[in-house]
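Trainee: Could you help me learn to read the strands and helices of a structure?
Mentor: Gladly! Let's take a look together.

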Amino acid sequence: MTHADRLAAFVALGQRLAALLSPAQAEELTELFIRARNNNPWFDAPNVRAALEGIADMLREEPLRHWAARYPPEPDPTPRLVGVVMAGNIPLVGFHDALCVLLSGHRLLAKLSSDDTLLMRWVLNELTTIEPRFADAVQLAERLNAADAFIATGSDNTARYFEYYFGKKPHIIRRNRTSLAVLTGRETPHELGLLGEDIFRYYGLGCRNVSKVYAPTGYSFPLLLDALQPWQHVLHHNRYQNNYDYNKSILLVNAVPHLDSGFLLLTESARLVSPISVLHYSTYTTEVDLVDQLTDAAPQTQCLVSGGGQYPGSFAFGQAQHPALADYADGVDTMAFLADLT
């Protein structure tokens with residue numbers, strides 16, 4: 001296959017997903033939703049839809065061609081077998097790695113997460129149906145020993161395991177990361193409401209979910225909690241509610257000061273990562289103080305959001321879960337890594 005063939009196949013996949021999300025294919029989509037939730041109870045219909053919409057948007061022809069044009073069209077000198085250990089914390093989170101490997105002309109050897117086997121198998125099958133020649137470039141396996149290079153995503157603990165087994169070959173190894181928000185006190189209720197998408201989408205399970213906010217000293221947090229009320233439906237998910245009830249009891253038993261919206265617990269903490277249903281916060285006194293805190297947190301930060309994206313290097317509220325093609329996990333350019341494989 002040529003680069004143009006591969007690109008055309010992914011554009012067609014994006015069109016297939018966009019069609020699937022239309023009312024005309026509601027029955028097929030509903031069946032996929034049911035199967036996905038049976039595979040992983042966290043993967044309910046709204047979140048699977050959000051993931052599919054994100055990929056369909058990612059595969060629009062113009063941005064896809066523009067992004068791909070930044071990299072060599074063919075591997076040099078020959079395609080490599082790239083082992084990818086995929087995460088499964090949110091629906092189809094491993095798709096971007098699969099896209100990068102296959103579009104760059106290499107072959108994919110994927111170890112799927114047990115939490116996201118159905119959707120990843122489904123989307124890869126759709127791709128090979130569109131372009132049967134991809135069947136020779138896609139393998140699913142439990143062991144990746146045969147790979148020439150590796151891309152692995154996991155926790156800090158599994159990263160040490162990855163380093164031990166994959167460290168002698170070219171690799172990208174990703175560790176725990178989370179996302180943060182900056183509040184100034186000048187945000188409108190509408191802007192604060194948009195932050196709910198960053199906090200609650202995928203029930204807070206993704207590395208692009210905001211788990212902590214930074215607010216000026218004296219900030220009125222009830223304003224934020226009031227603006228987030230439209231997301232109270234997350235409590236209808238039994239697993240989310242179990243987490244909420246458990247974390248609330250821990251805060252109460254330990255007499256930890258906190259605010260309770262009825263579905264979200266807000267507490268001051270130096271920690272960046274918060275449990276499901278909990279949002280941490282820290283305060284800052286000056287701009288310099290804020291910069292210092294964000295600098296300390298940078299090694300563990302996936303992305304930063306602020307009202308209107310006004311803070312340098314941040315996304316606008318509501319956009320953390322809508323990364324562009326070049327918004328690489330951990331800031332490591334996956335396509336450049338693949339282009340350099342020899």
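Mentor: Let's begin with a definition: two strands pair if DSSP finds at least two bridges between them. Please keep in mind that this model is predicted.

Trainee: Which residue of β10 is the bridge partner of Tyr-214?

Mentor: Tyr-214 has Ser-282 as its bridge partner in β10. The two strands involved, β7 (residues 210-216) and β10 (residues 278-284), are parallel and share five bridges.

Trainee: In what order do the strands of the open sheet come?

Mentor: Reading across, the order is β8-β9-β10-β7-β6-β11-β12, seven strands with mixed pairing. At the edges sit β8 (259-260) and β12 (315-316), each with pairing on one side only.

Trainee: Which strands does helix α8 lie across, and which does α11?

Mentor: Helix α8 (residues 189-200) lies across β6, β7, β10, β11 and β12, at about 140° to β7. Helix α11 (residues 287-297) lies across β6, β7, β10 and β11, and runs at about 135° to β10.

Trainee: What describes two packed helices?

Mentor: The general idea is to give the angle between their axes and the distance between the axes. Here, α1 (residues 3-20) packs with α4 (residues 61-68) at about 145°, and the axes are 10 Å apart. Their crossing is right-handed.

Trainee: Which residues meet there?

Mentor: From α1 come His-3, Leu-7, Phe-10 and Val-11, and they meet Glu-61, Leu-64, Arg-65 and Ala-68 of α4.

Methods:
Residues are numbered from 1 along each chain as its sequence is written. This is a predicted model: local features need pLDDT of at least 70, side-chain atom pairs count only at pLDDT 80 or more; totals for chains, interfaces and linings use all residues. Side-chain values use heavy atoms; hydrogens and water are left out. Helices (H or I, at least four residues) and strands (E, at least two) are DSSP runs, numbered from the N terminus. Contact means heavy atoms within 4.5 Å. Axes are lines fitted to C-alpha atoms, for helices over the stretch in contact, and angles run from 0 to 180 degrees between N-to-C directions. A crossing is left-handed if the near helix is turned anticlockwise from the far one by less than a right angle, and right-handed if clockwise.
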